Structures are given as C-alpha cells and as structure tokens.
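Please read the following note beside the sequence and the model.

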Amino acid sequence: MIKAIFKTDDKDQFISLQVTGHAFAGEYGQDIVCAGVSAVVLSTVNNLTRMGNIEPIIEADEENGGYLYIELTNDLSSEQKSVAQTLFMSCYLAMSADIEANYSDFIRVSKITK
C-alpha cells in the first residue's frame, strides 16, 4: 500500500510530503495507482522548480523506489510560498479526492499538523 503524508504548519500551510510503499494494484509496468501517484508527485516536484524557482529538500530511494520525501525550505519569498501552496494543494487533492477515492485498497492519504 502507498502511504502519502502531507504535513502542514499551525496555519494549515503545507511544509512537506512523504510518500512510501508500493500499490501492488497490477503487474510491474501495469500498475495504474503507482503510475498515477508517480505522475502527480513528480509533476509537483518538477513544477516547484519550473513555476516557482523553488529547490525543495528531496530524499528518495533511487534503487528500490517506494520512498520520496519533499520539504519546503524556510527561505521562500511570498510569491514562492504562494506557488508552493498551490502546487501542494493540487497534489493533495489529486491524491486524496481522485486516486484514493477510487483506489482506497491501494493508497492512504493523510494530512497532519506538525
């Protein structure tokens, strides 16, 4: 099962995302849950850089997959914060309202306050 944990601060602003596990919703290369999560999360990471000129802290298991951590740094301008919040919210909604809503046997999405 994939677990996605979005962390927010006390003002409900996103600060990080951790994605762990594997969906096992299909054969390797045919797993639509894994493909959907991967597309949404990687798009978010890439667009942080493309749209906001933001370099988040990123940790990943490059060899085995199944682990990605993204954290926003504290030195963002107000414009960068706005872009980052929009992208994180889009990612959160795509994963919870779309993917998890349709494939809840394979993914759990949560949002917690740090």
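1. Leaving aside neighbours within four places in sequence, Asn-47 is in contact (heavy atoms within 4.5 Å) with Gly-52 and Leu-87. Asn-47 belongs to helix α1, residues 32-52; helices (H or I, at least four residues) and strands (E, at least two) are DSSP runs, numbered from the N terminus. Its relative accessible area is 16%, so Asn-47 is buried (under 20%; exposed is over 50%, partly exposed in between; 1.4 Å probe, protein chains only).

2. The model is predicted: local features need pLDDT of at least 70 and side-chain atom pairs pLDDT 80 or more, while totals for chains, interfaces and linings use all residues. Residues are numbered from 1 along each chain as its sequence is written, and side-chain values use heavy atoms, without hydrogens and water.

3. A nonpolar core is a set of buried Ala, Val, Leu, Ile, Met, Phe, Trp, Tyr and Cys residues joined through side-chain atoms within 4.5 Å. The largest one has 29 residues, and Met-95 is among those with the most contacts inside it. Helix α2 gives the most to this core, with nine residues. Outside four places in sequence, the residues that Met-95 touches include Phe-6, Val-37 and Val-41.

4. Cys-34 is partly exposed at 31% relative accessibility, whereas Cys-91 is buried at 2%.
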